[in-house]
Amino acid sequence: MKRRSFIIFLIVLLAAIFPAKEAFASVTWVSNSPLPPAYVGAPYSYQLQATSVPPPTVYTIVAGSLPGLSLSPSGLISGTVTTSGTATVTIRGTDSDVSTTPQSADRTFTISYLATGVTGPLRIKRLQIQFDNNRPEITIVKNQSPPQVSARLSFIGSGLLQGYWAVDGAIHSRIQQTLISGANTVLVLPTVPPLPTYQTGGHRIQLVVTEPVLGTIPEAIYYVTEKGKKEAFVPIKIISPTDRLDVDFSPLSFSWQLQKDTTSYLIEFFEPEDQAPIFSAYTREARYTIPTHSLSRYFSEKSTYLWRIKGFSKDNDMTNESTIHRFNFR
C-alpha cells in the first residue's frame, strides 16, 4: 500500500514539474476562401497569411491541387493558368516549433480560373482608405476593439499589385495580389496583428503601394481617447495650399485652422516614396513659410512633395493631426 501511494505521489510530482504541452493548434488562418480569381494567360500571385507561435508558418497542400499554379513553403501562390474552371485545395499551415510536436491548422480554398483579355499595364486610378464608418477618420475609446479598415481601389489594366499596410510608420502586413482587366476591388487590413488601441492619441494607417508606382500614400487616422471622454475626431483642416496644387519654386506658405488646446504645431514634408520626412519644423502659429535656405537645401524644382500638420498640447502630447496633402513645384 505504501509502495502504491509512493508511485502515485511520484506521478503527481513529475506532472507538476514537467507539465504537458497544451493541446491546441498554434496556427491561426487569416486568409479566407475564395482566393482572388486567376485569369487564363495572365501571371498570378497571391500571398497566403496565417499566424503561428512560434513563427514562421510553413504551407503545404494536403488535398486537391492548383493546376498551373504552385505553392511555396512561405505561402506564395504563383504561376500562369492555361484553362478556365474551378480548383479546390486544402492547405496546411504548420508552425516552426522543433522542440515538440509541430502544431498545424488546415483550411480549404476555392479559386476560379477565368477566361478574359489583358488590357495593358496596371494603373491605379483611385485608392482611398476608410473605416467601418465609411470615413477616413474615427474616434474610439481606449482598449476598445479595433475598427475595421479597408481600401477601395479603382484601376485599369492588369498586373501585380504589391505594397504593404503601415500603422504609425511600421509595417503591419504585406500585399501581393494580381489584378486583371480594370475594375474596382477592396483590400482589407488583416485583423492579425490587431491595431493598437491601448495608447491615447492619433494613430495613422497608410497603404504604401510599391508596384505599380503610386505618387501618393493614402491614409486614415483613428483617434483613441480615455474612457468617458470620447469626442468625434476631426483632422486639422488645411486652408492653403489646396491639395495637389502646382506652384512656382519659391518660398511657399502654408496655413491651417487653429486647434483648441493646441499650443504648437509640427509641419512635416515627405517625398512620395519615403516614410521619413525630408524636412520638418515647429511653429506656435497656424501658418508656416519655408525659408529660402531650406527650400534650396531640401527641395527641388519639378518635384512632388507630401505634407501634414501635427498639433501638440502644452504638455507635448499630440492632440490632433491633418491628413496628408500634396503639392508640385513647377
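1. Aromatic pairs. In this predicted model, the count of aromatic ring pairs comes to 19. One of them joins Trp256 and Tyr265: the ring centres are 5.6 Å apart and the planes meet at 65°. An angle over 60 degrees counts as edge-to-face, so the pair of Trp256 and Tyr265 is given that label. Both Trp256 and Tyr265 are buried.

2. A second pair. Which geometry do the rings of Phe299 and Phe329 have? Their centres lie 6.2 Å apart and their planes stand at 85°, so this pair is edge-to-face. Phe299 sits in the loop between α2 (292-298) and β24 (304-312), while Phe329 belongs to strand β26 (residues 325-329). The pair therefore ties together parts that are 30 residues apart in sequence.

3. Burial of that pair. Are Phe299 and Phe329 buried or exposed? Phe299 has 4% relative accessibility, and Phe329 has a relative accessible area of 3%. Buried means under 20%, so Phe299 counts as buried, and Phe329 is buried on the same rule.

4. The cluster. Phe299 and Phe329 also belong to a cluster linked by ring pairs.

5. The chain as a whole. The secondary structure of the protein chain comes to two helices and 26 strands. Of its 330 residues, 44% are buried. Among the contacts with a separation of 6 or more, 64% are between residues 24 or more positions apart. The accessible surface of the protein chain is about 18,000 Å², and carbon and sulfur atoms account for 54% of that surface.

6. One sheet. Strands of a sheet pair through backbone hydrogen bonds, either parallel or antiparallel. An open sheet here has four strands in the order β2-β9-β8-β5, and its pairing is mixed. Why is one side of β2 and of β5 left without a neighbour in the sheet? β2 (38-39) and β5 (58-64) stand at the edges and each has a single partner strand, so one side of each has no neighbour there.

7. Strand β5 runs antiparallel to strand β8 (residues 85-94), and six bridges join the two.

Technical notes
Residues numbered from 1 in each chain as written. Predicted model: local features only at pLDDT ≥ 70, side-chain atom pairs only at ≥ 80, totals over all residues. Heavy atoms only, no water. Phe/Tyr/Trp six-rings, centres within 6.5 Å; stacked < 30°, edge-to-face > 60°. Buried < 20%, exposed > 50% of the residue type's maximum accessible area, 1.4 Å probe, protein only. Contact = heavy atoms within 4.5 Å. Areas by Shrake-Rupley, 256 points an atom, 1.4 Å probe, with all protein chains shown as cover. Pairing = 2+ DSSP bridges.
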